[in-house]
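Have the coordinates open as you read.

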Amino acid sequence: MRYITTPIYYVNDVAHIGHAYTTIIADTLARFYRLQGHKTFFLTGTDEHGQKIEQAASARNFTPKKYADEISSKFKKLWDEFEISYDYFIRTTDENHKLSVQKAFKKMFDKGDIYKGTYEGFYCVSCESYFTQTQLVNECHCPDCGKTTQLLKEESYFFKLSKYQDQILKWYKEQKPILPKNKANELINFVESGLKDLSITRTSFEWGIKLPKELNDDKHVIYVWLDALMNYISALGYGLDEKNMNFWPAHIHFVGKDILRFHAVYWPAFLMSLELPLPRFVAAHGWWTKDGEKMSKSKGNVVSPREIANTFGLETFRYFLLREVPFGNDGDFSQKALVARINAELGNELGNLLNRIIGMSTKYSQNIIEIEDVKKYFENEISECKEYLDNAINALENIQPNRYLEELFKALALANLSISKYEPWNLIKNNELQKANALVALCANILAKVTILLSAAMPKTALKIAKALDFEISNENYQNLILNNQLCNLKSSPCEALFPKVELTQEAKKEEKIETPSLAQIKIEDFKKIEIKVALVKECKNIEGSEKLLKFQLELENGELRQVLSGIAKFYSANELIGKQVCVITNLKKAKIFGYESQGMILSAEKDGKLVLITPQGFIENGALIG
């Protein structure tokens, strides 16, 4: 049994790239588990109560329900257009959800975990959270979103969060449920600093779920976070018919890093009070920026998932989001990076491999691809492919979607390299038709195996490949071809190009256009304005999707580090530059290159296609000024 959830998205705005990222990761994992044969339940939906929604509705002269209906429907429509394979779309305005929340509240109240009191604190409407004076920034601003808080005092019901402090810490230690693992320490420190009882009702607004009738206290509504978190069990019928409660506990809750505390501190405490088992994993992803800048309406740089999918294709958008950034890290969206991945990886490695297989099998064997001699000639390649596929499965099960795709594309690279290495066209010339056909069968089987696993991330692309090679994406083939490393006979048929080469949109080209100033004589005073220093290469890496860029971490004086990008990858390997000293212009304005920030320029000399870095003849202290 596998129960997978996204957070329920707050209906204060339309869906953005962050919402799409969470949902696509969850969808990929749900498809993967179904492929493995697990009975899977995938939940998503919208969070629709609270003061913020009440205020937003009022500003548009809407009732809160009408406002929530409009925004929620937009989320659902987008996920349907994206063919997200959710099993249930929940809304916190659903009657069954309200009843489940009231049942849970009553149970915790009867247990003695909820009591009535008075709360005074600084309240952030945007975050729906209270803060103490010491937690505020600049005396009155929310530490999470930076907006001005309100000092409020009101009657409230409290949940005994402090009661569950030790049990939460024990859960962290024994189950290790937090992903990525480096997020656990900040939670441990927070809990160890002492949990205070949590205010879980409000009287200052009305848009929320009322308390159970048995408490006879109509002026209170249930705090939006208690209301929202309960969706994970109300969707399964908690307190009602409970027909799907056999899916509990959740295998994984996907959340943004900004709401990790609610899911990894409050939520387990509520579950402990309800005497329900705790989720296996809570996985927090990072935020997305646009070309290195935080997205905002005022800057006009908010990425619309629908627009990107319409322009470049949904499958490529899914691939980019999953491949671009390690789970848990912040990611940066740029059209240039997306186009580079489409052309270099999807087009060259995947699409081109299918075309080569179809072309060779048509020419050599009338489209029939038989595996009779594959093991005779290519045992090592079969074994190497198995290793990549095992790595891919392990990566996805450990919520590392970027590594999952990376390993699958290593297998595709193996197939492409095998064609280059063994040159089937020369085998045919030398009357080695048997080996040539075995090579085609090897490559076709590698592609079929990769396609079965890739179907979780790129379902439509996988179906096209499966149709072109005449095999099924199924649990049976997952067992046979992937787990048992079997081979299968295939038959090729014509297929349209999967990923035709794409170009940047005109808007993106304008944004990336760099004006080159005309050369002119300058005065010595002008030249002296250029600050050139010696720096040590502490780290150097290739940039995925770029054939010429290297990303450097350079050490200047007093251990200062600078990130600099340089287009010298065709002349130097990353590893050979680590530990060398280079000359770098340090007072240039920061620039965006391929979605990364560059804080300087490394000097080199180039002529007739040859490039050489300019370096000191002998070692000199880092940060030494060149004049």
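Helices (H or I, at least four residues) and strands (E, at least two) are DSSP runs, numbered from the N terminus. What you're looking at is a predicted model, where local features need pLDDT of at least 70, side-chain atom pairs count only at pLDDT 80 or more, and totals for chains, interfaces and linings use all residues. Residues are numbered from 1 along each chain as its sequence is written, and side-chain values use heavy atoms, with hydrogens and water left out.

Back to helix 18 (residues 475-483): Asn477, Tyr478, Leu481 and Ile482 are buried there. Buried means under 20% relative accessible area, exposed over 50%, and partly exposed in between (1.4 Å probe, protein chains only). Seen down the axis, the buried residues of helix 18 fall within an arc of 105°, so they line one face of the helix; the arc is that of the directions from the helix axis to the C-beta atoms. Their cover includes helix 1 (17-36), helix 13 (374-397) and helix 16, with contact meaning heavy atoms within 4.5 Å.

Now the cores. A nonpolar core is a set of buried Ala, Val, Leu, Ile, Met, Phe, Trp, Tyr and Cys residues joined through side-chain atoms within 4.5 Å. The largest one has 176 residues, and those touching the most other members are Tyr3, Trp79, Tyr172, Met230, Trp248, Phe254 and Phe270. Helix 16 (residues 433-454) gives the most to this core, with 14 residues. Apart from it lies another core of 18 residues, including Leu550 and Val582.

On to the charges: a salt bridge is a side-chain nitrogen of Lys or Arg within 4 Å of a carboxyl oxygen of Asp or Glu. By this rule there are 31 salt bridges. Here are some of them.

| Pair | N to O distance |
|---|---|
| Lysine 65 and aspartate 69 | 2.7 Å |
| Lysine 98 and glutamate 95 | 3.3 Å |
| Glutamate 555 and lysine 538 | 3.7 Å |

The glutamate 555 and lysine 538 pair links distant parts of the chain, strand 20 (residues 550-555) and strand 19 (residues 532-542). Salt bridges that share partners also join Glu48, Lys65, Asp69 and Arg91 into one network. Within helix 3 (residues 64-81), lysine 65 and aspartate 69 are about one helical turn apart because four residues separate them.
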